[in-house]
Each structure stands twice: as C-alpha cells, then as structure tokens.
Amino acid sequence: MNMSYFLRRHWLTLAFLTGCVVLLAGGASLIGDRLMERVTINLCINIVLVMGLQVFMGNSGILSFAHIGFMGVGAYSAALFTIPSQMKNMALPELYPVLAGLSLDPLLAILVGGLIAAVIAALVSYPLMRLSDAAAVITSFALLVVLHTVMLHWSEVTNGPRTLFGLPKYTGLLLAASAAVLAIWVGMIFKESRIGLLLRASRSDEIAAAAIGSNIPQMRWMAFILGAFLAGIGGGLWGHFITSFAPKAFFLKETFVILGMLIIGGPRTVSGAVMGTLIVTGTFEGLRTVENGLNRAELFSGQVIGLTEIVLALAMIAVLILRPGGLFPAREIGTLITLRAKGKRMNSSV
Amino acid sequence: MTTASLDVQTLSVQFSGLMALDQLSLRLAEGEILGLIGPNGSGKTTCVNAITGQVPIARGQISLKGQSLSGLTPREIALAGVMRSFQIVRLFDDLSVQENVEISTLVRGTRRLEAHKKSRSLLEMFGLWDRAEDLAGDLSYGQKRRVEIARALIANPHFLLLDEPAAGMNEQESADLMTLLSDLPKAYGLGLLIIDHDMHLITQLCHRVHVIASGQTIAEGSAAEVIQDPAVISAYLGTAPGEGDKRGA
C-alpha cells in the first residue's frame with residue numbers, strides 16, 4: 001500500500017478517531033477519577049475488540065460469533081506467560097510441567113496471546129471461508145461453542161470453569177489507549193488495502209467479485225486471521241486489566257455486547273466501529289448508574305438487573321429497522337466532513 | 001486457424017432436463033466484434049455464463065488460445081483474460097465509482113497508485129471522472145453500465161463479453177457507447193462478444209453475427225446476411241415471409 005496516498009485520502013478520519021481516543025484517555029488521566037479511568041480503559045479495550053470484529057465482519061459482510069472465542073484464547077495464552085511461577089501452583093494446579101516455567105514480559109505475552117489466537121484461527125477457519133450467509137454464521141457460532149467448550153474443560157491450561165487468577169495488573173490507560181489507536185489504524189489500513197477492497201467488493205456482490213478474478217475465500221481467511229489477532233490482543237489486555245476471569249467471560253453475553261457496538265455504529269466503516277463503541281460504552285455506564293440509583297432508592301420490590309442488556313438489545317433492533325447500515329453505514333467520518341464542506345462551498349458560490 | 005481466439009465447440013448446458021444450449025459452436029478472434037443474438041430465452045446469456053464458468057457445462061469444450069477453460073472457476077477464467085458484464089448490471093454498490101474500476105486491476109497485482117491512474121484515464125474516457133468519488137449505487141442505470149464495462153476493460157482482457165451493454169440507455173448514451181465500443185478491439189487488441197436486442201447497434205458494430213434459437217445455432221455471417229436469413233426471420237417472427245404462403249399452398 002502506498003502510505004502517502006492512503007494518508008492523503010484518510011487523514012481526517014484517522015485524526016478524528018485518534019483524537020477521540022486521545023481526548024478521552026487524556027481527560028480521564030487529568031481528572032484522575034478512578035471510575036472514569038476504569039471506564040476509559042474498558043472502552044479502549046472494547047475498541048480493540050470491536051475493530052477485530054470489524055476487520056472481518058465489516059469488510060466481508062459475514063457475521064462472526066467466533067470472535068469472542070479468540071479473545072478468550074488471547075487472554076488465557078497471555079496469562080500462561082505472566083502468572084508468576086509461584087502463583088501458577090495455586091492458579092493452575094494441574095498445569096503441564098512444560099508450561100509451568102513459561103515467563104514473558106506482559107506486553108510481549110499479550111502480543112504472543114494475539115499471535116496464538118491468529119494461528120488457531122488460521123488452522124481452523126479456512127474451510128469455513130467458502131461458506132456465505134446463514135451457513136457461515138452458524139458455523140462461526142459452532143466455532144465459538146468449540147472454543148468455549150475447550151476453555152471450559154481444559155483444566156490443565158485454563159483451570160476449567162473455575163476462575164483463573166494471579167495475572168499481574170498491567171493494562172493501564174496509556175497501554176489501552178495506545179492499543180485502541182493502533183487497532184483503529186490497523187483496521188483502516190486493512191480496509192483500504194487491496195485485500196480490504198476486494199473483500200468489500202465480495203460483500204457487495206460475490207458473483208461479480210469472482211467474475212473479476214477475486215479469490216474470495218483467501219481474502220476472507222486473511223481478514224479472519226487479522227480479526228482473531230486483534231481479538232487475542234484485546235483478550236490479553238482485558239485479562240491484564242481485570243486480573244482474574246473464567247471461561248464464561250468469553251461467551252454469549254460478551255459476544256452480544258461487542259456485536260451490538262459494531263451494529264449500532266455501522267459494521268462497514270471504521271468510524272462506525274469506533275463511534276458505536278463510544279456510544280454503547282457511554283450508554284452502558286449511564287444505565288448502570290441509573291440501575292444503581294433505582295436499586296438504592298428501593299423503588300421496586302426486587303433488584304433492577306439487566307437494564308443495560310435490554311436497552312442494548314432494543315437499540316440494536318431500532319438501528320436495524322431505522323438505519324440498517326448503522327450510524328455510519330457507508331462513508332468514513334472524514335469523507336462525510338469533506339463532502340459537507342464541499343457542499344457548503346458549492347452552495348455559497350452559487 | 002490462428003490460436004488467438006476464444007473457441008466454443010459443441011457446447012451443451014442442461015438445466016434439470018431443459019437443454020439450454022445444444023451443441024453450440026462459435027469462435028471469437030482477437031480484434032473482432034461478434035454479435036450474439038436470438039429471441040428471448042434462446043440461450044445467449046447462458047452461453048456467456050458457461051464461457052465464464054458461472055454455469056457448469058454438460059458437454060463440449062471451451063478454449064482460450066488453445067488452452068481449455070472447461071472446468072475452471074469464474075475467477076480462474078477471469079484471470080486467464082476473459083472478462084464480462086452482466087445482463088442485470090452488477091456493480092459493487094457501496095464502493096466508489098473509482099474503486100469499482102480499479103479493483104479489477106488490483107486483483108492482478110497492480111499497485112494502488114498505478115491502478116488509480118489507470119482507472120482515472122478510463123473514467124475520463126467513459127465520461128465518468130466527475131463521479132469518481134460517488135458511490136456506484138448512486139449512479140444512473142446507463143452510468144452503471146459504463147462503469148461495468150470500464151471495470152472489465154481495466155483488466156486488459158483478451159476477450160470481453162458484454163451482455164446487453166446498451167440496455168437501459170437512452171438514444172444518445174447508446175450512440176456514445178457504440179462509438180466507444182467500436183474503438184475497443186483496435187485500442188485494446190481484444191475480441192468483443194456483444195449480446196443485444198438493439199439490431200441497429202448489432203448491425204453497426206459487429207463484424208460477424210451469430211444467431212441462436214433454443215440453444216442451437218441457426219445462422220451466422222455478416223449482419224446483412226443474417227437479417228435476411230429465413231431461419232432468423234422465422235425465429236424472431238414465427239414464420240419467414242412467404243413461408244406461410246408456401247405451407248398454405
């Protein structure tokens with residue numbers, strides 16, 4: 001890819017989205033409020049995860065449920081390298097001796113976690129990439145179930161259904177924000193790359209894409225691997241932020257949230273992925289405060305639980321009915337700003 | 001026989017019992033414009049679909065410059081140098097007009113900047129440069145047709161198969177397209193196969209015309225020859241002039 005050509009075309013989108021992350025992270029750091037800092041770190045990790053999904057789903061048009069499974073692979077893999085040796089005896093009592101001595105710097109471990117997720121994705125996904133529509137969605141769901149079942153029952157490596165603990169708290173605001181910005185750039189570069197363009201063409205019309213000579217399964221495969229890599233990185237970051245987790249963290253609930261962020265924002269654009277994450281995370285935190293307030297006020301006989309999920313579900317339904325392509329369905333935010341400015345200039349010159 | 005040709009030999013295509021193409025043979029040389037005409041349902045589009053690998057062939061042989069294309073995927077056939085347009089235009093609606101065109105050369109390994117330059121010159125040639133940044137889905141039908149042809153052309157194909165390229169165009173657009181198409185074989189050294197119902201376009205543009213009905217060849221030759229062929233007249237009108245009288249006699 002010609003980088004100067006790419007930057008000339010997309011500098012405004014990249015500047016805007018990078019600016020959003022930097023402003024939020026900078027603001028949280030300056031204010032120094034712990035809750036705000038936690039929310040911002042979570043938001044940045046979510047951007048990494050949503051970008052991973054966008055790379056595949058947004059460009060190929062194929063809904064993938066497997067994504068969160070690769071987040072789990074990344075989280076568990078990275079944990080194997082960062083849980084201190086003494087702690088491993090307690091956290092992973094059945095761990096294979098050959099893995100007991102593994103140790104890496106957390107940053108390197110998170111990267112290795114991403115790579116392991118990518119390698120597993122490469123090995124298992126190629127036959128699935130020939131499928132489209134419902135068949136592709138169902139097989140991706142099956143893949144999520146396989147990954148979840150392995151995490152649930154491979155006690156030697158994951159501690160089974162029990163919580164894995166002992167990860168060092170490594171993911172801070174700077175690391176999470178840097179990863180989010182990098183993920184945005186990677187997503188944008190991929191979207192505008194030759195592979196990204198061919199993939200987007202196949203999303204639009206598979207028959208026409210084949211008729212111009214595009215190798216659709218191979219393009220999808222590459223996007224799937226990159227998406228799994230980002231998901232693995234996101235998992236590693238999250239694991240080293242939360243420091244203890246169980247396999248249930250990488251299943252349907254998380255899938256639904258990440259999918260909701262992408263669908264509401266607009267899966268086809270990087271701007272949609274980022275803005276969707278910002279909006280949903282912001283709404284979630286707002287609703288959580290409302291939920292807590294309602295519970296403290298004891299307005300109802302029981303506890304108010306699940307308000308956030310219900311609102312997210314309703315928001316997804318509303319977006320799919322009223323604006324099926326999401327808030328940013330086709331154009332990146334930079335292009336929209338440029339077009340609007342051009343339109344204003346033309347109007348004023350008439 | 002020169003080898004620079006696209007040869008279809010005794011091609012048969014069957015759709016669950018219906019013989020859509022029955023032992024059809026035709027040949028298209030580089031630099032030539034061949035018209036493929038016939039009544040509705042005669043098998044013209046099926047012929048293009050079979051050549052480009054979109055439908056499986058039951059019998060027969062398709063070869064490009066002596067190399068068999070039979071059994072290859074649409075992708076492999078496109079990369080071998082046979083490009084097409086579709087009867088119902090198939091653009092990538094949510095890509096820009098320029099991306100729609102440059103994508104065909106990117107798939108062949110051209111660098112992005114080079115693809116950008118090539119697509120620009122083609123879009124200028126087709127009078128669409130001012131719409132380059134627009135989404136392809138926002139174009140008029142006639143403009144979409146031109147983008148589809150530009151998308152095929154940028155791949156430098158040996159043979160270009162156009163399925164009703166003038167459909168949906170007004171008279172002026174159709175005339176402009178005709179001028180454009182007539183120059184292509186010389187400018188690009190390609191063979192052009194055109195399916196169309198517009199007999200004016202076919203007679204003005206094509207060096208040879210191949211007529212099929214019910215999946216079989218009923219006539220071939222120059223445009224002037226085939227339009228006088230009784231079998232062709234019969235296929236289009238039901239009976240050839242005078243034939244009914246003879247039968248009645």
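Tutor: What follows covers the interface, then the salt bridges, then the confidence.

This is a predicted model, in which local features need pLDDT of at least 70 and side-chain atom pairs count only at pLDDT 80 or more, while totals for chains, interfaces and linings use all residues. Residues are numbered from 1 along each chain as its sequence is written, chains are lettered from A and ligands numbered from 1 in the order in which they are written, and side-chain values use heavy atoms, with hydrogens and water left out.

Start with the interface. On chain B, 28 residues are in contact with 25 residues of chain A; contact means heavy atoms within 4.5 Å. Together the two chains bury about 2,500 Å². Carbon and sulfur atoms carry 58% of that area. Buried area is the accessible area (1.4 Å probe) that two parts lose on being put together, summed over both.

Now the polar side. Between chain B and chain A, 11 residue pairs are in polar contact, both residues at pLDDT 80 or more. A polar contact is a pair of N or O atoms within 3.5 Å; within protein, one must be able to donate a hydrogen and the other to accept it, and residues adjacent in sequence count only if both atoms are side-chain atoms.

Which elements of chain B build its side? α2 (74–80), β6 (82–84), α3 (97–106) and α4 (112–125) of chain B each supply at least two residues. Helices (H or I, at least four residues) and strands (E, at least two) are DSSP runs, numbered from the N terminus. α3(B) gives the largest share, five residues. By class, this side of chain B has 13 nonpolar, three polar and 12 charged residues. Here Ala, Val, Leu, Ile, Met, Phe, Trp, Tyr, Cys and Pro count as nonpolar, Asp, Glu, Lys and Arg as charged, and the others, Gly among them, as polar.

Next, the charges. Side chains of opposite charge can pair when their charged atoms come close. A salt bridge is a side-chain nitrogen of Lys or Arg within 4 Å of a carboxyl oxygen of Asp or Glu. The rule finds four across the interface of chain B and chain A. One pair that meets in a salt bridge is E99(B) and R200(A), at 3.8 Å, N to O.

Over all chains the count is 21 salt bridges. In chain B, E124(B) and R120(B) meet at 3.0 Å, N to O. They sit four residues apart in helix α4 of chain B, so about one helical turn separates them. E124(B) is partly exposed at 42% relative accessible area, and R120(B) is partly exposed at 38%. Buried means under 20% relative accessible area, exposed over 50%, partly exposed in between (1.4 Å probe, protein chains only).

R131(B) and D134(B) also form a salt bridge, at 2.4 Å, N to O. R131(B) is partly exposed at 21%, as is D134(B) at 24%. Salt bridges that share partners join K191(A), E192(A), R200(A), E332(A) and E99(B) into one network.

Finally, confidence. The model scores ipTM 0.85 and pTM 0.88. Chain B has a mean pLDDT of 89, with 94% of its residues at 70 or more. pLDDT is the predictor's confidence in each residue, from 0 to 100. Over residues 243–249 of chain B the pLDDT is below 50. Where pLDDT is low, the predicted coordinates should not be read in detail.
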